[in-house]
Amino acid sequence: MVLNNKYLFLFLTIYSTFSFASDGLLKENNRIFFKQGNTKIFLFTDNNYCFDKDAFSVEKLTNDNKKYLFVNHTDDCNPSGKYEIFDISENKAKKFYLSPLYDPEVDSTKKQIIERFKDGPVSYTRTYVLKNSKYYVFEELKTLASDLNLSTVYLDKTPTFYLKNDSNQVIKNIEISSAKAYFFDENLKQTKPYIVRGDKVKVDNLIKKNNLIYMKVEFKGKNKITKGYIKLSDVL
């Protein structure tokens with residue numbers, strides 16, 4: 001029997017829809033599989049796995065034809081929780097080299113993965129970029145206060161720090177919030193000059209020493225300009 005074009009198109013549409021609908025996660029005796037068409041790929045064993053057959057996505061992360069499966073893997077059924085990543089290009093699951101990510105978003109055009117998570121009241125956003133066929137952390141944003149974030153950019157071996165607002169713009173001017181903010185010299189030794197709450201300074205750059213962030217600033221007083229470092233905590 002020969003199908004005309006109209007019936008052939010209808011047949012292919014129904015077949016395609018059926019095949020797509022059959023994709024999903026499958027749980028058998030605490031073993032979790034990914035079922036894609038007629039293929040069943042074993043992922044992991046988890047007695048307490050919070051099962052949701054649709055808690056997955058298939059993404060293209062690299063510049064080749066490999067397929068990567070993101071699988072929601074949280075104990076509390078949180079749809080924006082932790083995701084495991086598997087390479088399923090060869091119809092078998094191989095764990096991706098990145099650790100499980102929280103609430104990841106994939107931009108396949110820019111070859112970026114964006115991860116969002118919280119540690120207590122502090123929010124973090126990490127951006128991973130593709131370089132030489134591997135993903136690396138390019139930037140981490142840490143929420144410090146309303147419309148104030150600490151950006152850590154990993155371009156070289158030594159990270160670079162910036163202050164950014166919620167629109168991802170670098171902050172160049174900021175107001176002191178502590179009662180008294182002392183200046184530090186180039187060796188980060190405290191000096192006598194200080195500024196007070198409400199004073200505004202121009203931010204040149206940020207450095208980190210002994211787990212503390214210092215801002216190199218410029219303050220224009222009535223009679224002179226004072227330059228030096230102040231602690232980031234003095235503006236929080």
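## Lys227 and its partner

Lys227 is exposed, with a relative accessible area of 61%; exposed means over 50%, buried under 20%, and partly exposed in between, computed with a 1.4 Å probe on protein chains only. The side chain of Lys227 meets that of Glu218 in a salt bridge, with 3.8 Å from N to O. A salt bridge is a side-chain nitrogen of Lys or Arg within 4 Å of a carboxyl oxygen of Asp or Glu. Glu218 is buried, at a relative accessible area of 15%.

## Basis of the model

This is a predicted model, in which local features need pLDDT of at least 70 and side-chain atom pairs count only at pLDDT 80 or more, while totals for chains, interfaces and linings use all residues. Residues are numbered from 1 along each chain as its sequence is written, and side-chain values use heavy atoms, with hydrogens and water left out.

The predictor's confidence in each residue is given by pLDDT, on a scale from 0 to 100. The protein has a mean pLDDT of 89, and 91% of its residues reach 70 or more. Over residues 1-20, however, pLDDT stays under 50, and the model has one contact beyond four places in sequence for them. Contact here means heavy atoms within 4.5 Å.

The structure holds nine salt bridges. One of them joins Lys95 to Glu84, whose closest N and O atoms are 3.7 Å apart. Because Lys95 lies in strand E7 (residues 94-95) and Glu84 in strand E6 (residues 82-87), the pair ties together parts that are eleven residues apart in sequence. Strands (E, at least two residues) and helices (H or I, at least four) are DSSP runs, numbered from the N terminus. Lys95 counts as exposed at 55% relative accessibility, whereas Glu84 is buried at 10%.

Arg126 and Glu140 also form a salt bridge through their side chains, at 2.7 Å from N to O. This pair links distant parts of the chain, with Arg126 in strand E11 (residues 122-131) and Glu140 in strand E12 (residues 134-145), 14 residues apart. Arg126 is partly exposed, at 26% relative accessible area, and Glu140 is buried, at 14%.

## Thr62 in its loop

Thr62 is found in the loop between strand E4 (56-59) and strand E5 (68-72). With a relative accessible area of 7%, Thr62 is buried. Leaving aside residues up to four places away in sequence, Thr62 touches Tyr68, Lys111 and Leu130.

The side chain of Thr62 makes polar contacts with the side chain of Asp64 at 2.5 Å and with the side chain of Tyr68 at 3.4 Å. A polar contact is a pair of N or O atoms within 3.5 Å; within protein, one must be able to donate a hydrogen and the other to accept it, and residues adjacent in sequence count only if both atoms are side-chain atoms.
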